[in-house]
Amino acid sequence: MKKNYYQQLAFMGMLLIILFGFQKYRSKEKENFSDVHFIVNNTTALHLAEFDPNDLDEKQWQHLGFTKKQTATIFNYKKIVGGKFLSKEQFKKCFAVSEEKFSELEPYILLPENNREANMNGFAHFKKKSITVSQKFNPDFYAVADWIKLGFSERQAEAIVKYKNYLGGSFVSKEKFKECFIISEENYQKLSFYLILPEKTPAGFNYYKNNSISGKTKIQYRLFDPNLLDTDGWKSLGFSDKQSHIIVNYRERNLKGSFKNLEDIQKCFVISTEKFEELKPFIRLNQESIAARHNTVPSEIKQQEKTDFSKVDLNSITFRQLLEFGFDEKAAGSMIGFRKKLGGFMNKEQILTTYNIDIPLMEKLLSTAQLNTSNVIKYTLTEAPEEWLKSHPYFKYSADKIIFYRLTEKDEKKLWKLLKIKPEYEAKMKLYLK
């Protein structure tokens, strides 16, 4: 009995040895996965801008962070739904687009929210704007506002400028300009002839080295009047956003509206001696522009008569006149800045809400001066430009809602009901509506 037990035990041991040997033999035939790398989230920062997913090619989808396999899936899914995405809702259903990725892209997609909206007349709002250009230009000198004028949206324009800055402040060639994600093949063909840029990138040119090591962008200066430049104009000369605002504030407040001579410019502390010497040959101080900013003729700049404030219009009163009336520079600058943002005052009560204002002194001015509102621009709620809505102090907090609801609702009375705005805010907004 005992002998039989040991025989069984030996048999089981031999069987296990055979099984382990067979398993080891089979494992040699298995595929080697040592070189396999799993896909991880793309950590590269994306410079997103508005886009129509129906226009993107394979390279552009990959620029958005999709793999080749995911891109192929998106194209196949587009064929299944009829060759064109009709809405964000439909695009979201593509299983190659994760919930997280859709949330990242959704604000930039130029499609209606769902298929129902796509079938409405409002769908025309999502169509691409037509790019129009009539003369040759150097894109290195174009700011956001210039790209918007060509037909790009605000987000697209910002993305183009960011791309230029990413390259070191210059596109350098048409070849590199074309690589900007926002510039579709169709738009590039429209723009290409008018671009004042070489066709090809210079051999050996390193954008990233040029940008990171030198820290400077080669500025191609041209003649300019420093009294006619806004912040974008100063930025095009190589100053930062903060420096540009300081220069404009220095001119408007410290110098009461204009540079009178080169020494005034040189004294601005953000303009270094080296930078001033670079700018000096291109500066053209136009005496007529100085006179216009002071409401004088050139010969009267130094000898100005006292202002008759009973004849002054509050929508055209100057910084210098406010100082003459007794306001300090901070109050005068605040009033003119608030007036500019509004596009002009519609009643005298608005002026009293200006920050940093001397109320008793302002009430005295209001009782003396006139207010002409005939030149204040007004729009209907359904036709007001998006840029105007988003920048106007009374509309900017409701701009997105207005833009959304007016896609499908053209009756202004019904539109106001949808907006659900407090009566006091609605009254202010209606001051600037037809």
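**Aromatic rings and charges in close-up**

The structure, a predicted model, holds 23 aromatic pairs.

**View 1. Phe91 and Phe102 form a tilted aromatic pair.**

**View 2. Tyr394 and Tyr432 form an edge-to-face aromatic pair.** From centre to centre the distance is 5.9 Å, with 65° between the planes. Tyr394 lies in the loop between helix H21 (386-391) and helix H22 (399-405), whereas Tyr432 lies in the segment after helix H24 (423-430). The pair links distant parts of the chain, 38 residues apart. Tyr394 is buried, as is Tyr432.

**View 3. One aromatic cluster includes Phe91 and Phe102.** The cluster is formed by Trp61, Phe66, Tyr77, Phe85, Phe91 and Phe102.

**View 4. The charged end of Lys275 sits over the ring of Phe239.** The charged end of Lys275 is 5.3 Å from the centre of that ring.

**View 5. The charged end of Lys430 sits over the ring of Trp416.** Here the distance to the ring centre is 5.1 Å.

**View 6. The whole protein gives the setting for the close-ups.** The protein has 24 helices and 0 strands. It has 434 residues, of which 40% count as buried. Its accessible surface comes to about 27,500 Å², and 53% of this belongs to carbon and sulfur atoms.

Definitions and conventions:
Residues are numbered from 1 along each chain as its sequence is written. This is a predicted model: local features need pLDDT of at least 70, side-chain atom pairs count only at pLDDT 80 or more; totals for chains, interfaces and linings use all residues. Side-chain values use heavy atoms; hydrogens and water are left out. Helices (H or I, at least four residues) and strands (E, at least two) are DSSP runs, numbered from the N terminus. Buried means under 20% relative accessible area, exposed over 50%, partly exposed in between (1.4 Å probe, protein chains only). Accessible areas come from the Shrake-Rupley method with a 1.4 Å probe; for residues, only the protein chains shown count as cover. Rings of Phe, Tyr and Trp (its six-membered ring) pair if their centres lie within 6.5 Å; planes under 30 degrees apart count as stacked, over 60 as edge-to-face and the rest as tilted. A charge sits over a ring if NZ of Lys or CZ of Arg is within 6 Å of the ring centre and within 35 degrees of the ring normal.
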